[in-house]
Amino acid sequence: KWLVADYTVGELLSLRAVGAAFVLGPMVWRWRVTLSDRRRLGLQVLRVLFMAADTFCFYYATRTMPLADVMTFYMAAPIIITALSAAVLGEVVEPIRWAAIGLGFVGVLVALQPSADLLSSASPIALFGAVMYALGQTTTRALRGVHWLHLVVWQFGGAGLIGAATLPFAYVAPGPFDLGLLFLLGVVAMICFVFMTKALALTPASVLAPFQYTAILWATLLGWIV
């Protein structure tokens, strides 16, 4: 939200991939993970596109919408993930889990108190991003047989290449402090998706989906601090 005010979304995608590479590179070398696993290649490519679209939409929406409003749209993702886990993955979702997810979303609306900007011109982009995020998590669960590090590397590599393609048209040279923040953004996002991808390899997506609601606590805390 802070960086996207001064830099294009494509630049954020490309430079955060560089930051992530500083950590992902040693991890690949340490565990000797092959990056040429072609199992279900079409689904792997779709996953990269879903996750890149999710990230692009999230950053773009925060340029014009309050962060709480963007988060409200993204908190619809657990509902979408749960529906997809039942329809696409064949997971069994008990009624009590549906009730818990629905109650959690009501809690999101109460806690975040979305503003009138919730229905702004960027709203469809935020909603589309939430759908892309849900599709990305669903495909991650479907690809649980592929090593989690392989998936994360190609996720950031693909998004970084897409972002790099935009640099000739719009590039703002960051200062040392902002460059450090952009790299740090990549490291933090990489850690996030390492844990998420590993978790989805071990547990049904519908079980993990409600944990996304805990982001309300961190978004509120960081919003107050920053």
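Tutor: Helices (H or I, at least four residues) and strands (E, at least two) are DSSP runs, numbered from the N terminus. The model is predicted: local features need pLDDT of at least 70, side-chain atom pairs count only at pLDDT 80 or more, and totals for chains, interfaces and linings use all residues. Residues are numbered from 1 along each chain as its sequence is written, and side-chain values use heavy atoms, without hydrogens and water.

Student: How much space lies in the largest pocket?

Tutor: About 1900 Å³. A pocket is an open set of points on a 1 Å grid over the protein atoms alone, where a 1.4 Å probe fits, with protein on both sides within 12 Å along at least five of seven lines. The volume is the space filled by probe spheres set on the points, which are joined across faces, edges and corners.

Student: Which residues are closest to its centre?

Tutor: F58, M71, V188, C192 and L222, out of 40 lining residues. Lining means an atom within 4 Å of a point.

Student: Which helix gives the largest share of that lining?

Tutor: Helix 8, with eleven residues. Helix 8 spans 176-202. Others that supply at least two residues include helix 1 (9-31), helix 2 (41-64) and helix 6 (123-142).

Student: How many of the lining residues are nonpolar, polar and charged?

Tutor: There are 32 nonpolar, five polar and three charged. Ala, Val, Leu, Ile, Met, Phe, Trp, Tyr, Cys and Pro count as nonpolar, Asp, Glu, Lys and Arg as charged, and the others, Gly among them, as polar.

Student: And how much space lies in the second largest pocket?

Tutor: About 230 Å³. Its lining has 15 residues, and L41, Q44, V45, H150 and W154 are the closest to the centre. Helix 2 and helix 7 (148-164) are the elements giving two or more residues. Helix 7 has the largest share, six residues. By class, the lining has seven nonpolar, five polar and three charged residues.

Student: New topic. Which residues of helix 4 are buried?

Tutor: In helix 4 (residues 77-87) they are A77, P78, I81, T82, L84 and S85. Down the helix axis they fall within an arc of 165 degrees, so they line one face. The arc is that of the directions from the axis to the C-beta atoms. Buried means under 20% relative accessible area, exposed over 50%, partly exposed in between (1.4 Å probe, protein chains only).

Student: How many residues has the largest nonpolar core?

Tutor: It has 17. Such a core is a set of buried Ala, Val, Leu, Ile, Met, Phe, Trp, Tyr and Cys residues joined through side-chain atoms within 4.5 Å. Among those with the most contacts inside this one are Y74, I81, A126 and Y133. Helix 6 gives the most, with four residues. A second, separate core of 15 residues includes L149, A189, M190 and F193.

Student: What is Y74 in contact with?

Tutor: Beyond its neighbours within four places in sequence, the partners include D54, C57, F58, Y133 and Q212. Contact means heavy atoms within 4.5 Å.

Student: Where does Q212 lie?

Tutor: In the loop between helix 9 and helix 10. Q212 is buried, at 16% relative accessible area. Leaving out residues up to four places away, Q212 touches Y74, M75, A77, P78 and Y133.

Student: Last one. Is L135 buried or partly exposed?

Tutor: L135 is partly exposed, at 23%. This residue of helix 6 is in contact with F50 and L84, neighbours within four places aside. The C-alpha atoms of L135 and V207 are separated by 16 Å.
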